[in-house]
Amino acid sequence: MEPIYPLTALSKDVKEVKDCAKENVVRITENGKAAYIFTSEKVFEERIRREREDAAYEAYLLKAVGEGIEDVQAGRYVTTREEVFAEASKRRKRHA
């Protein structure tokens with residue numbers, strides 16, 4: 001869980017908040033409600049990198065699922081083990 005500090009901590013507990021922000025996203029509240037975030041450049045860049053990777057992976061999965069749905073709708077699928085091996089054999093011969 002990300003640490004939470006009141007806005008006053010930025011002036012009263014600066015070192016503690018900064019130390020915490022070196023490794024985490026720190027949430028800052030104002031009047032008891034979420035208001036700001038504070039973090040180090042390193043944590044910020046890492047968070048952006050992870051979010052980009054997650055978005056790319058999600059796009060890849062959505063594309064793969066879409067292609068799978070198209071294959072099923074077009075009848076390009078098998079239902080038995082024997083059909084799997086027969087299809088694999090056909091594909092090997094085409095690529096040989």
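Q: How many helices and strands does the protein chain have?
A: The protein chain has four helices and three strands. Helices (H or I, at least four residues) and strands (E, at least two) are DSSP runs numbered from the N terminus. This is a predicted model, in which local features need pLDDT of at least 70, side-chain atom pairs count only at pLDDT 80 or more, and totals for chains, interfaces and linings use all residues. Residues are numbered from 1 along each chain as its sequence is written, and side-chain values use heavy atoms, with hydrogens and water left out.

Q: What pattern does the protein chain follow along the sequence?
A: The pattern reads β-α-α-β-β-α-α. The radius of gyration of the protein chain is 26 Å, well over the 12 Å that the globule rule gives for 96 residues, so the chain is more spread out than a compact globule. That radius is taken over C-alpha atoms, and the globule rule is 2.2 Å times the number of residues to the power 0.38.

Q: And what does the C-alpha trace span along its principal axes?
A: About 75 × 30 × 20 Å.

Q: How much of the protein chain is buried?
A: Buried residues make up 12% of the 96 residues. Buried means under 20% relative accessible area, exposed over 50%, and partly exposed in between (1.4 Å probe, protein chains only).

Q: Tell me about helix 3. What length does it reach, first C-alpha to last?
A: Helix 3 covers residues 41-73, which is 33 residues, and reaches 48 Å, close to the 48 Å expected at 1.5 Å a residue. The expected span is 1.5 Å times one less than the number of residues. Just after helix 3, Gly75 takes a positive phi of about 80°.

Q: Which residue other than glycine has a positive phi, near 55°?
A: That's Asn31. Asn31 sits in the loop between strand 2 (26-30) and strand 3 (33-38), and counts as exposed at 76% relative accessibility.

Q: Switching to Lys15: where is it, and what does its side chain contact?
A: Lys15 is in helix 2 (residues 14-21). The Lys15 side chain makes a polar contact with the side chain of Asp19 at 2.7 Å. A polar contact is a pair of N or O atoms within 3.5 Å; within protein, one must be able to donate a hydrogen and the other to accept it, and residues adjacent in sequence count only if both atoms are side-chain atoms. An α-helix has 3.6 residues a turn, so residues three or four places apart point the same way.

Q: Is Lys15 buried or exposed?
A: Exposed, with a relative accessible area of 60%.
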